[in-house]
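Keep the viewer open as you read.

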Amino acid sequence: PRLRRRQPTTSSAWLGLTFLVKNCMPLNALVVGLGEETRTRPIDRFIHDTLMKDDFTRSLEANVLIASNSRAFQIAFAVLLGIIVLFRVILVSSIVYYRKETVLQLGQYSVLAVFVLAGAFCIGSCCLLIPVNDTFCVLREPFILTPLTLMGNILLGRLWRISLVMSPVLTIGKQGDDQSDYLQTKVMDFLTFLSDYEMMLEDIIKCRWKWRDAARKQKRSSIRQKIPLQQLLWLIFLLQLPQLVLQACNLGLPSLQSTQELHWLSTETAQPVCRHSMGPWPSWVGIVLCVIPHLGTLFLSLHTDHLPSIFNEADACRHSCKIFFLILCVAGPAYFLADTLDAQTYLLACMIFGIALPPCWFIVVSKIWPLWTGTSSKLNIKHILGKRGSFVPGIELDGNDDHCKSASLALTIGKMYEEMGMVQKSIVLFDDALALWKWDPNRDEKDLVGGFTVNEVNAFSEKDLEFIINLKIAQGRVNGTFNSSQNTGQKNAAQAWLDALEIYERAPASIKMTDRSIIFPIFSGLFVFLKGDKIDQDKECNFEQNLVRKFVHETELHGDPVHYTRALAMQAETKARLGKYQEALGSFEKLKASYIPEEHSEAISSAYGTDRSAQCYSQSALWYHMLGNETEALRMCEYVIDELLPKMDPKNVLNSCEMILPIIRILKNHGQEKRMRELFDEHVVQNFQKHFGKDGVTPCLPIFRPLLLLLDVCSDSQERPSLLDGVEWLVSDEENGVPPVFLDSVYTKLCWSPNDLVAELCLRFAKTVSNQRDKVTLLEKAAKLSMKADRKMKDIEGNVKFEIANEMHEPIFNEIKQMTETFGIEMHNGSISSFSENSSANIDLHNLPNSYLRHRTSSGRSTKGSTSSRSDSLENTKERSPHLSSGFLRSNSGRLSSGALMESVNEVGESKHDDHS
């Protein structure tokens, strides 16, 4: 090492200090003058050094040698750090450049960029390991330990998110819970608790940890798993907070600041070191806080071997930890044995490199390298795990083969695509995964059952069937939620639900399924399409009633109140739509006996999208109102507002909207328009803007502005600029304010037609505006929308189909009719041509497989779309499973007819219940 020679000091000063030492004065420290600098040395060390000398005075007058890093080492070390930092900068630039690539989209490129930048900052800060002065000592730990801790927290947070998102689909086909992962489950639950700051604050304030733990267990098992980026960032911040606080104290508190001191190697040689005046504990605490997230990542990685290789960053974490421990085992002892400052500095830097470099290589570079070299390929399930090679019908699989893994992978990646809005890619993945079970070489010549031949369906194992149904359900969810605005979106969604139900009915393996809750989302999904007029049925709604009856029976046997209360809510809604309000209230009373919002709301929303059980409370107010019990209706409205709404998830805007709409429908006619406006704005509009932003999408979004404007007008709001903007918005484009057909059908059956809502708004605006042209335009629009609602409200004979919605429709319709007659505007069907429904968006089912197109005679035999081979195949199938259905009917209009379907559903349900009993 390079030695700097200090000039000797005057002996008079040292003689004075010698006198103090010899008289053993109780001093905590002595200031030893070395040239122009001063150093603080503990009294015991000073006495020890003094007693080691034969002639203290003579040694003090001798030259003192101060060791420091050599110039060559400083240059080489700076070049090494510069090369690593430059590579990190290039890596970050590549992440930003390739951010739209699938591999980076799935890996959350923004978090990866922060991870690489934190590593670059840490590596660059290693120059502070050379103790030049006190400033270097003060900045060393904050600049090195803080980014290192951030890297560990990012790794832990990413592994937590991937495990939480993927675990539900990867447990499909497994029986029971794995008790061996108890500790890992507790760690995951704790991280989940930290990740949701709203839930965490509520848990702490209201002491609800016990029931929240049950809710998290329901959430872990739900396919509807979603971890937004904001939640991940919040978790990383909370994990980083202890280190931030400690290092802020090290920077700001003089008592904790690290300063440069001399470490005496001999009586005449010393080297500068950085030490805290209060001892080494601040450094050790910082090191422990840095190591904890890395150890947590290692722990979780040891329990996540089930993750598919494309997402398995657990392997990268384990490899990184192995490399670090190897470096630590070599560099650690060498650091303490080294006798030169250059070697010690380099070995200390190597231990830091061992933490910062391997994760970046195994996680980030492995994703970027194929993009650099041009060897990346499109993500395809068939290419990842291979296609089904030799499959022997009738041989059951163990659930761990390639196609079961492919199904898990498709469900997981598909859900991540959903979060990123890449809907078409998720649908392609689902199709690829389903194609793995299509092995029949003669499938083009045969009729299909839900997209599969009869031989393929008969060969499904229990686990095969579970994966296939989940894939079909996922298809329906993606099409129905994200492709609903496209012409084929709703049609494909309904077809996927019906395919899943038909496959479940036909597959012999369905009898062996112990957990029948897999089909519950199918009932709920079909019910939504029935409300949206996407499936045709008779006037008595026999298909819907039979579907509900089977759903209630299945969930009652299952015994879980999450599903049972949802089925009861569905039953009550169906009875109310048929005018049987007292029976609907009877089902509601059963629901009240089982439903606990604190325990069940989150789980119901996870399973079905919204809390239909809670919505049943607000709908019951409508049923009391229709029975003339206004007191009970108002009481129920207040109960929903005061007790239920605060317990609902504010991020589930659709749930809040459908829960509040019946309340507005009632209280609007009781002079509480202003209060309802504030309620809707607080619980729906503001939450939507907070959690989804201006570019967010939700099915109920089209009614936000019309409803707010209507409540403003009805409450005589003084915000005239807002109302004038509303008039201009309605008259500027004839499509503005016109609700989607599907949304209008659903909400009409709920309580209030959106067409009537906008028609009433146009009518009230027409009464207030002075501009004659705008008045006529508003009246024409009101007339068209009101006529459109009237056609949906009544059948061909003029009988009212939806009494609750018609109560709001009839007065507005008559008033619009009178006012249009005054202005000479005719109301007839021809006036609504510009608002005609897009028939291509309805489910005409022209492209369904032939199994959907069969018509049956009175004897029940198929008369259309059948062949002799088909009949023989069906007969063979029935011999193996007597409870199988005979297929679906199709009406002349091209819509799905449900008589045969529901007959087979009831048949299946009864026989299977007997088997389970």
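Predicted model: local features only at pLDDT ≥ 70, side-chain atom pairs only at ≥ 80, totals over all residues.

The protein has 917 residues, and 54% of them count as buried. Its secondary structure comes to 37 helices and 8 strands.

Now for the inside. In soluble globular proteins, nonpolar side chains tend to be buried together. Here the largest nonpolar core has 135 residues. Ile522, Trp623, Phe680, Phe704, Tyr747 and Trp752 are the ones with the most contacts inside that core. Which helix gives the most to this core? That would be α28, residues 653–667, with 10 residues. There is also a second, separate core of 56 residues, with Ile84, Ile123, Leu156 and Ile363 among its members.

Neighbours within four places in sequence aside, Trp752 is in contact with Leu661, Ile664, Arg665, Lys668, Leu707, Leu710, Tyr747, Leu757, Glu760, Ala805 and Met808. Tyr747, one of those partners, also turned up among the residues with the most contacts inside the largest core.

Let's stay with α28 and see how other helices pack against it. Two packed helices are described by the angle between their axes and the distance between the axes. Start with α26, which covers residues 612–626. The axes of α26 and α28 are 9 Å apart, at an angle of about 10°. An angle under 35 degrees counts as roughly parallel, and α26 and α28 are therefore roughly parallel to each other. On the α26 side, the residues that meet α28 are Arg612, Ala614, Gln615, Ser618, Gln619, Ala621, Leu622 and His625. Their counterparts in α28 are Asn655, Glu658, Met659, Pro662, Ile663, Arg665 and Ile666. Sorted by class, this contact has 7 nonpolar, 5 polar and 3 charged residues.

Next comes α27, residues 630–644. Its axis comes within 10 Å of that of α28, and the two cross at roughly 140°. Antiparallel would need an angle over 145 degrees, so α27 and α28 count as oblique to each other. The crossing of α27 and α28 is left-handed. Glu630, Leu634, Cys637, Glu638, Val640, Ile641 and Leu644 are the α27 residues that meet Met659, Ile663, Ile666 and Leu667 in α28. By class, the α27–α28 contact splits into 9 nonpolar, no polar and 2 charged residues. Met659, Ile663 and Ile666 of α28 meet α27, and they are also on the list for α26.

Leaving out neighbours within four places in sequence, Leu654 is in contact with Thr610, Thr698, Pro699, Cys700 and Tyr747. Leu654 and Cys700 are 46 residues apart in sequence, yet their C-alpha atoms are 6.3 Å apart.

Back to α26, this time with α23 as its partner. The axes of α23 and α26 come within 9 Å and cross at roughly 25°. That makes α23 roughly parallel to α26, and the crossing is left-handed. Thr565, Arg566, Ala569, Ala572, Glu573 and Ala576 in α23 meet Arg612, Ser613, Cys616, Gln619 and Trp623 in α26. This contact has 5 nonpolar, 3 polar and 3 charged residues.

Sequence neighbours within four places aside, Thr565 is in contact with Leu591, Ser594, Tyr595, Ile604 and Ser613. Pro561 is also found in α23, but at 27% relative accessibility Pro561 counts as partly exposed. With neighbours within four places set aside, Pro561 is in contact with Ser594 and His600.

Methods: Residues numbered from 1 in each chain as written. Heavy atoms only, no water. Core = buried A, V, L, I, M, F, W, Y, C linked by side-chain atoms within 4.5 Å. Buried < 20%, exposed > 50% of the residue type's maximum accessible area, 1.4 Å probe, protein only. Helix = DSSP H or I, 4+ residues; strand = E, 2+ residues; numbered from the N terminus. Contact = heavy atoms within 4.5 Å. Axes fitted to C-alpha atoms, helices over the stretch in contact; angles between N-to-C directions. Parallel < 35°, antiparallel > 145°, perpendicular 65-115°, else oblique. Left-handed = near helix turned anticlockwise from the far one by under 90°. Nonpolar A, V, L, I, M, F, W, Y, C, P; charged D, E, K, R; others polar.
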